[in-house]
Amino acid sequence: MCSAYASVDLPAPPPYAPPPMLLCRVERRIWGTRRADGLEGITLLEVRPVRFGGGDGAPLLRYDKERGLEPSAAQLGDAAIVAADRLGAGVGELVLVGTGSRVRDLVFGDAAPLKTVVLAIVDRAEEAPC
Amino acid sequence: MLIGRVVGTVWTTRRAPALGGHKLLVVAPEAWFRPAFATGHVVCLDVADAGPGDHVLVSFGDPARSTAPAGARTPAEAVALAVVDGWTDERGAHGKVSA
């Protein structure tokens, strides 16, 4: 039973909605001098979701800080999102991203005008064989 | 809420302090509202002591985070609340227990 979520046909969510917590790879840092109030001290990162379960027979996804993402960056989703970071994640690192105003309140306080937050920097992640 | 299979594990050391020391699970939903992002997974905090291969019940939002030991101050959006033994749907019985 390797295939996930393929069989049930339900309405699609709004196109901007990522899963509430997901693993992403940091693609690049975004900066600008003129920003909204409340963004001081916050780094904005463009991140790309990692795709688990590439299909039957696909090599298992693994990541660690030294070797990076294996088997390749092809395991990344097409869409990118922007997440706020205060932990100091670097380009190429895998991060845990959470979405929602409550998560934002608890990590950055309620003055930060954003909803997508880096919650942790991943040391190691492994897809388990099924 | 959704049912998913634990397909991976995540280790972190640098994390938002309020997240605490909880284990994180990578869960592939068995039936998902068709995701706009082709991630094939959702990450959730583990309060049910699940492991790879287990099926878990994942809940989202405020009710979910209030089940974590640190309660409403836990910055998690998804929590694995229970290890599922089995379930039935239109395709029949699934999991360890057949109905």
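**Close-up views of a predicted two-chain model**

**View 1. Strands β2 and β5 of chain A.** In this predicted model, β2(A) and strand β5 (residues 81-85) of chain A run antiparallel and are joined by five bridges. Two strands count as paired if DSSP finds at least two bridges between them. Helices (H or I, at least four residues) and strands (E, at least two) are DSSP runs, numbered from the N terminus. Within this pairing, V82(A) in β5(A) is the residue opposite E46(A). Residues are numbered from 1 along each chain as its sequence is written, and chains are lettered from A and ligands numbered from 1 in the order in which they are written. Local features need pLDDT of at least 70 and side-chain atom pairs count only at pLDDT 80 or more, while totals for chains, interfaces and linings use all residues.

**View 2. Strands β1 and β2 of chain A.** Strand β1 (residues 21-30) and strand β2 (residues 43-49) of chain A are also antiparallel, with six bridges between them. R29(A) has L45(A) in β2(A) as its bridge partner.

**View 3. Chain A as a whole.** Chain A holds one helix and seven strands, in the order β-β-β-β-β-β-α-β from the N terminus. Of its 130 residues, 38% are buried, meaning that 20 or more other C-beta atoms lie within 10 Å of the residue's own; 12 or fewer makes a residue exposed, and values in between partly exposed, with C-beta atoms placed from the backbone. Among contacts in chain A with a separation of 6 or more, 72% link residues 24 or more positions apart. A contact here is a pair of residues whose C-beta atoms, placed from the backbone, lie within 7 Å.

**View 4. Confidence along chain A.** The mean pLDDT of chain A is 83, and 82% of the residues score at least 70; pLDDT is the predictor's confidence in each residue, from 0 to 100. For residues 3-7 of chain A the pLDDT is below 50, and the stretch has 10 contacts in the model beyond near neighbours in sequence. Where pLDDT is low, predicted coordinates should not be read in detail.

**View 5. D49 in a loop of chain B.** D49(B) lies in the loop between β3 (42-46) and β4 (55-60) of chain B. Its phi is near 55 degrees, a positive value in a residue other than glycine. D49(B) counts as exposed because it has 9 C-beta neighbours inside 10 Å.

**View 6. G71 in a loop of chain B.** G71(B) sits in the loop between α1 (61-65) and β5 (78-84) of chain B. G71(B) has 9 other C-beta atoms within 10 Å and is therefore exposed.

Key
Contact = placed C-beta atoms within 7 Å.
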